[in-house]
Amino acid sequence: GNAVIDASDNTPFSGTFDGNGYTIDVTVVGATSDTNTFDSLFSVVSGKIKNLTVTGSISGSDKVSGIAGKLKDYGNVDGCINYATISGRKNVGGIVGLLVGNATITNCVNFGSINGANSVNKGVDTGGIVGCVWESSSGVTTISNCYNAGVVNTNGDNNGGICGYFYGGSIENCFNTGKLISTSTSSVGEIYGKAERNRSYKING
């Protein structure tokens, strides 16, 4: 990947990173057409990232975000703020690109501009907090007490103020005031862009 703190799906960052309220200015320029590029501050996380603010700009292809490209297992991002401009092709979010398993995002805010498109491909699954929430048999994914104030702009499908593509799980006490811009008429919403059918949900906005 092109993360500042790099890891992999098989060996994710599993520790605890406490930002203690500090700000990190980040510049990441990743590939524009590959998959699983994990362009972010942290590439893949199964541990905990907390109390951190990110500024700057991060661009890439798949799983692009301000804090973690992919948050999995029992990972948690808590109390983090993103001001960075985020641009990517798929699974693009202000805080996390792809959220899976029992992972949780809590008490986070995005103020950065989120762009679900690049020079090669149309964007898909773009959200102010997380690009895609993928609930699996291993647990329930949760986003709680989060807020998006950034512009979320895509030329593709599934554009949401909190989550682009919501494949089950829980969204609690979250709200969006950011402007949603889409050149596609498919799946645009204040909380989520698209929710998959025949899945379990808990939404309390």
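Analyst: Happy to! Let's start with Lys63, which is buried because its relative accessibility is 7%, a value under the 20% cut-off. Please keep in mind that this is a predicted model. Lys63 forms a salt bridge with Asp62, and their closest N and O atoms are 2.9 Å apart. Asp62 is buried as well, at 3% relative accessibility. Strand E6 covers residues 62-65 and is an edge strand, pairing on one side only. The open sheet it belongs to has five strands in the order E6-E11-E16-E21-E26, with parallel pairing.

The structure holds four salt bridges. Asp9, Lys70 and Lys72 are linked in a network of them. In one, the side chains of Asp9 and Lys70 meet at 3.0 Å, N to O. Asp9 sits in the segment before strand E1 and Lys70 in strand E7, so this pair ties together parts that are 61 residues apart in sequence. In another, Lys72 meets Asp9 at 3.3 Å, N to O. Lys72 lies in the loop between E7 and strand E8, so here the parts tied together are 63 residues apart in sequence.

Conventions. Residues numbered from 1 in each chain as written. Predicted model: local features only at pLDDT ≥ 70, side-chain atom pairs only at ≥ 80, totals over all residues. Heavy atoms only, no water. Pairing = 2+ DSSP bridges. Helix = DSSP H or I, 4+ residues; strand = E, 2+ residues; numbered from the N terminus. Buried < 20%, exposed > 50% of the residue type's maximum accessible area, 1.4 Å probe, protein only.
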